[in-house]
Number of protein chains: 2
Amino acid sequence: MFENKERSDIDNLGEFGLIDHLTKNIQLTQPTTTKGVGDDAAVLDFSDKKTLISTDLLLEGIHFDLAYTPLKHLGFKAIQVNLSDIYAMNGTASQVTVSLGLSSKFPIEAVEELYEGMLLACKQYNVDIVGGDTSASKQGLVISVTSIGYAAEKDITYRHTAQEGDLICVSGDLGAAYVGLQLLEREKQIFLENPQIQPDLEGKDYIIERQLKPEARQDIIFLLKELAIKPTSMIDVSDGLSSELIHICTKSNKGCNLYEEKIPLDPMTYDTARSFNLDPAVCALSGGEDYELLFTIKQGDYDKIKANPDITVIGHITEPEAGMNLISRSGNVHALKAQGWNAFK
Amino acid sequence: MFENKERSDIDNLGEFGLIDHLTKNIQLTQPTTTKGVGDDAAVLDFSDKKTLISTDLLLEGIHFDLAYTPLKHLGFKAIQVNLSDIYAMNGTASQVTVSLGLSSKFPIEAVEELYEGMLLACKQYNVDIVGGDTSASKQGLVISVTSIGYAAEKDITYRHTAQEGDLICVSGDLGAAYVGLQLLEREKQIFLENPQIQPDLEGKDYIIERQLKPEARQDIIFLLKELAIKPTSMIDVSDGLSSELIHICTKSNKGCNLYEEKIPLDPMTYDTARSFNLDPAVCALSGGEDYELLFTIKQGDYDKIKANPDITVIGHITEPEAGMNLISRSGNVHALKAQGWNAFK
């Protein structure tokens, strides 16, 4: 992957050298950051706000494939998937810590690319990198990100607080990241069988980007504030719509009716799924990695969002006895199943 | 390692099943924990205190060797090394997040042991597990822990605030963890060459425990409060005394005189180092993993600590022009060198 590029060995720099090298471009911009990288711990000041913490582990060969993942995108994505969790609490993401496990064969230029993507994501989302750990790895690239944010107590949205009659809403569209992955995997197979054939991804930018470079929906948090809507519950869509909605219903002890025909699908997602003989709705329900926000709102808030192209109402919350139902296009009622992505399968 | 034990496959449980299984025994005890495991992010309440965050990555084959590391100890240690960073800020550790990358071949009983050690460490140190991530790993065991704590602004001790004339102090004794590691490595080699020979670790409990089951020095933080001492700077000894003292001096823009004869060594450390033809002082200076606290205090505080067996004065801070010096037993002056542990070598 790096054969045409300049290579510098990490072991020449050593652990501290590498940390200094990577962190010298970090500029702290957040008023809540009192002290960033360079001490035993970062010091943050959220005054009267609650502190929000979330963490994700990304492992080579499980969560990403370096054969088709540009490192800059990977860095960007590693930050985004973490910030998404803070937004899903209706919070402001303000800091991250970044731990990297790196093969000593990994050239510094590659680590720089990865870190560049992380810094770009942080800049774009107003987040400081305030700490981390860097180590050699015998087991491929390891990325662990912890995101930190804050929110006033009254603004925090949990998963367990959906109420009967609430409308189920989702931002953006679903299934694209999964279909994009199928496309990348297919092209990888073709390339492995015949390295002369160039990957054919033309015109597929949107779904490829949804997989490689997802953007956490901070804008939806801003929008909801603007519209004066506090969701009654919220979660981000990392494992697929079905799995996330089941989380909300289970934790809230409620049922739901989800309407297949309402699930927002991009036309490219739809067509590409079809070309793979995949049911586009299943890609949305079980695909995952969309990093959209799934949330419930009071019926009284419907007028505030009904004209908004970024938010789609896809169902409603019911009493628990009614169960969690998917209503198909033909009107059949199916029990909603969590076929979310399982790294252990 | 697990051949005589019951084995249950992780992939039968799946990711959510495993998380539920592991986290069902978590009891939240900290008043600062508003919401723990089970939502997109944990919610913490530090009211008017500063939030402290630190993170460490532990990788199989780099930071630990499962050939001689009991998983319960490993879990305990993974938490301790992180809490140590919060104590090094003179803070109260209150929460951790724990991410695990696990081979699907790893039986659930093994994960349970690991988690049991983590829960034990948390219980003993009054810390809540409030989140994490669990994933399959294609190679070895990956452990990423983020520790969270708090402190009043006036209590926080940084690395960059040592002053000329301050006394350099260290808690406990040094070098034992490194010597313990040499012992474990030797016995592993003997075992690999002849599996009939049982490991000979008799009477070496102290140094073995210092390696396998270190205890972060929360007690020193309590003691310093009791003695009404606020260190002028502080760091924990993870990479070796030499490396840590250089951090303090460099960040404070100061020099130091460190007296070799003052470095606290346990007699077992001393004797065992000698039996390996190692210089015991070098084990303390460059060995690392002691998780003691290295700190500076004003000379005026000397009387408060001079009779305390848990704290040793090992030198003093000088003007930067004097350099960072190690004064040997024979009175020779050497420049202090950071030969701290480097995972990339």
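Contact means heavy atoms within 4.5 Å of each other. This is a predicted model, in which local features need pLDDT of at least 70 and side-chain atom pairs count only at pLDDT 80 or more, while totals for chains, interfaces and linings use all residues. Residues are numbered from 1 along each chain as its sequence is written, chains are lettered from A and ligands numbered from 1 in the order in which they are written, and side-chain values use heavy atoms, with hydrogens and water left out.

## Chain A as a whole

Chain A holds 10 helices and 13 strands; helices (H or I, at least four residues) and strands (E, at least two) are DSSP runs, numbered from the N terminus. Its radius of gyration is 21 Å, close to the 20 Å that the globule rule gives for 345 residues, so chain A is as compact as a globular protein of that length. That radius is taken over C-alpha atoms, and the globule rule is 2.2 Å times the number of residues to the power 0.38. Along the principal axes, the C-alpha atoms of chain A fill a box of roughly 65 × 60 × 35 Å.

Of the 345 residues in chain A, 59% are buried; buried means under 20% relative accessible area, exposed over 50%, and partly exposed in between (1.4 Å probe, protein chains only). Among the contacts of chain A between residues at least 6 apart in sequence, 86% join residues at least 24 apart.

## Annotated positions in chain A

UniProt, in an unreviewed entry, places the feature "binding site" at Tyr115(A), Gly132(A), Asp133(A), Arg159(A) and Ser238(A). These positions span 124 residues in sequence, and the farthest two C-alpha atoms are 32.2 Å apart, so they do not all gather at one spot. UniProt also lists Asp40(A), Asp85(A) and Asp236(A) under "binding site" (unreviewed entry). These span 197 residues, with the farthest two C-alpha atoms 31.6 Å apart, so they too do not all gather at one spot. UniProt positions are given in the numbering used here, feature names are shortened, and annotations may be inferred rather than shown by experiment.

Relative accessible areas for four of these residues are as follows.

| Residue | Burial class | Relative accessible area |
|---|---|---|
| Arg159(A) | buried | 12% |
| Asp85(A) | buried | 9% |
| Asp236(A) | buried | 2% |

Gly132(A) belongs to strand 5 (residues 128–136) of chain A. Leaving aside neighbours within four places in sequence, Gly132(A) is in contact with Thr97(A), Val98(A), Ser99(A) and Thr55(B). Arg159(A) sits in the loop between strand 6 (142–151) and strand 7 (167–171) of chain A. Not counting residues up to four places away in sequence, the residues that Arg159(A) touches include His247(A), Lys251(A), Gly38(B), Asp39(B) and Asp40(B).

Asp85(A) is part of helix 2 (residues 71–87) of chain A, whereas Asp236(A) lies in strand 8 (residues 233–236) of chain A. With residues up to four places away in sequence left out, Asp85(A) touches Ser54(A), Asp56(A), Asp236(A), Asp40(B) and Ala41(B).

## A sheet drawn from both chains

Six strands form an open sheet of mixed pairing, in the order 1(A)-2(A)-3(B)-6(B)-4(B)-5(B). Strand 1 (33–35) of chain A and strand 5 (128–136) of chain B stand at the edges, each with a single partner strand, so one side of each is left without a neighbour in the sheet. Neighbouring strands of this sheet are turned by 20 degrees against each other on average, direction ignored. Two strands pair if DSSP finds at least two bridges between them.

Strand 4 (residues 92–102) and strand 6 (residues 142–151) of chain B pair in the antiparallel sense over nine bridges. Gln95(B) has Ile148(B) in strand 6 of chain B as its bridge partner.

Helix 2 (residues 71–87) of chain B lies across strand 3 (50–59), strand 4 and strand 6 of chain B, at about 35 degrees to strand 6 of chain B. Helix 3 (residues 108–124) of chain B lies across strand 4, strand 5 and strand 6 of chain B, at about 170 degrees to strand 4 of chain B. Axes are lines fitted to C-alpha atoms, for helices over the stretch in contact, and angles run from 0 to 180 degrees between N-to-C directions.

## Strand 9 of chain B

Four of the five residues of strand 9 (residues 255–259) of chain B are buried. Four bridges join strand 9 to strand 11 of chain B in the antiparallel sense, with Leu258(B) opposite Gly315(B). Four bridges also join strand 9 to strand 12 (residues 324–327) of chain B, which run parallel, and there Tyr259(B) stands opposite Ile327(B).
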